[in-house]
Amino acid sequence: MERREYLTYPLAGSAVASVVAKSLFVNVENPSLDGGTFCREGHGFRIWERKRKLVLPQREAAICIGAFDGLHLGHRMLAEETMEDARSRGCLAVAVTFDPLPSEFFKKGLSSHRLLSVEERAFALLSTGLDAVIMMDFDRSLADTSYQDYLLKVLPSFLHVTSIHVGTNFCLGKGGLGTAEALRELGASHGVSVHTHSLVEEDGSRISATRIRGLLHEGQVEEAARLLGRLHFVTGTVEHGRGEGGSFGFPTANVRIDRMRCMPGEGVYAGLVYSDDWAWPAAINVGAPPTFSTPDPAFLEANLLGFKGDLYGRTVKVLFSSWLRASRPFDSLEELERTVLGNIDWVRQNLGDQGVRVISDARANADASVEVDA
């Protein structure tokens with residue numbers, strides 16, 4: 001297969017809007033979709049479901065089970081197979097996932113670096129077309145549940161499961177004994193068909209959240225985007241900074257990111273900052289700039305093009321499209337300004353110099369020139 005980059009530069013405004021919409025799981029054809037999706041909570045679970053697609057023990061469903069962190073191309077394939085199966089059966093298509101991630105639970109004390117928050121993961125799964133997402137609390141009780149009890153007692157308390165879709169490396173239940181083959185044998189005697197799917201590969205290696213996290217930590221945001229099928233983003237709160245960016249003639253958003261999120265490695269990137277349905281091209285410095293302070297991996301500065309206003313205290317999403325350069329100290333403010341303005345110029349030439357309205361502009365150009373090697 002011929003290798004293609006995720007994005008083809010330069011991008012026009014409407015193409016930028018389409019990239020942002022896809023990356024943030026915005027439904028361009030039906031922007032009110034989120035308004036028709038509801039979340040309800042019970043003991044040990046949360047369920048996101050579409051209107052008239054309620055999760056009930058008597059409702060038949062085809063389900064896929066997994067961590068789904070990042071919703072990469074492999075996850076999307078599993079969701080699509082589940083939906084196709086559900087359509088053929090005339091039943092619900094549902095994703096079952098966990099919080100915390102099982103890998104986090106079993107490796108307590110280690111940083112997890114999630115690709116998506118819990119809510120973002122749920123809406124990412126719904127954006128594929130699934131009818132509902134069941135998010136189970138992964139605690140000691142669930143970890144100690146046998147795969148037999150999970151299949152025959154836990155799942156039936158939510159849905160009448162008719163088929164299950166998992167990856168070939170999947171395992172479930174206490175001790176990891178619920179392999180795909182074990183589930184298939186158990187399901188066959190209880191009217192549940194179990195389907196295993198080969199893991200999606202790219203460049204000869206399987207796509208996984210672990211692989212994507214590694215690429216991001218190395219600053220390879222373009223490679224991560226190819227495996228995700230979208231731009232990686234983080235969510236944070238804009239806070240007051242030092243003010244140097246303003247003195248250079250461009251507004252700067254200083255963003256504090258949750259330390260649980262997977263940040264790209266320290267460096268300067270091209271990307272976009274999204275807030276309230278608008279996205280602005282930006283040069284983004286990850287980690288407090290070493291010229292002024294000690295680097296901070298949970299902090300970033302985004303120099304926004306075309307922005308006027310006040311973002312202080314607001315929640316924004318920062319999307320990363322390209323690596324520009326490594327972070328380094330500068331001998332003078334003149335050298336710093338010259339370098340930063342060069343970064344800004346790259347962003348201006350390739351992502352534009354004005355904000356774009358995501359829903360309307362993306363809908364106007366739904367076939368924007370975004371290349372994805374899936």
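**Aromatic pairs in the predicted model**

A search of the whole structure, here a predicted model, turns up 10 aromatic pairs. To count, the ring centres of Phe, Tyr or Trp (its six-membered ring) must lie within 6.5 Å; planes under 30 degrees apart are called stacked, over 60 edge-to-face, and the rest tilted. Residue numbers start from 1 along each chain as its sequence is written. Local features need pLDDT of at least 70 and side-chain atom pairs count only at pLDDT 80 or more, while totals for chains, interfaces and linings use all residues, and side-chain values rest on heavy atoms, with hydrogens and water left out.

Take phenylalanine 98 and phenylalanine 138: they pair edge-to-face, 5.7 Å centre to centre with 80 degrees between the planes. This pair bridges distant parts of the chain, 40 residues apart, with phenylalanine 98 in strand S4 (residues 92–99) and phenylalanine 138 in the loop between strand S5 (132–137) and helix H5 (140–143). Helices (H or I, at least four residues) and strands (E, at least two) are DSSP runs, numbered from the N terminus. Phenylalanine 98 is buried at 5% relative accessible area, and phenylalanine 138 is buried at 10%. Buried here means under 20%, exposed over 50%, and partly exposed in between (1.4 Å probe, protein chains only). Phe98 and Phe138 also belong to one aromatic cluster with Phe105 and Phe106.

As for tyrosine 269, its ring pairs edge-to-face with tryptophan 323, at 5.5 Å centre to centre and 80 degrees between the planes. Again distant parts of the chain are linked: tyrosine 269 sits in strand S14 (residues 267–275) and tryptophan 323 in strand S17 (residues 315–325), 54 residues apart. Tyrosine 269 is buried, with 0% relative accessible area, whereas tryptophan 323 is partly exposed at 33%.
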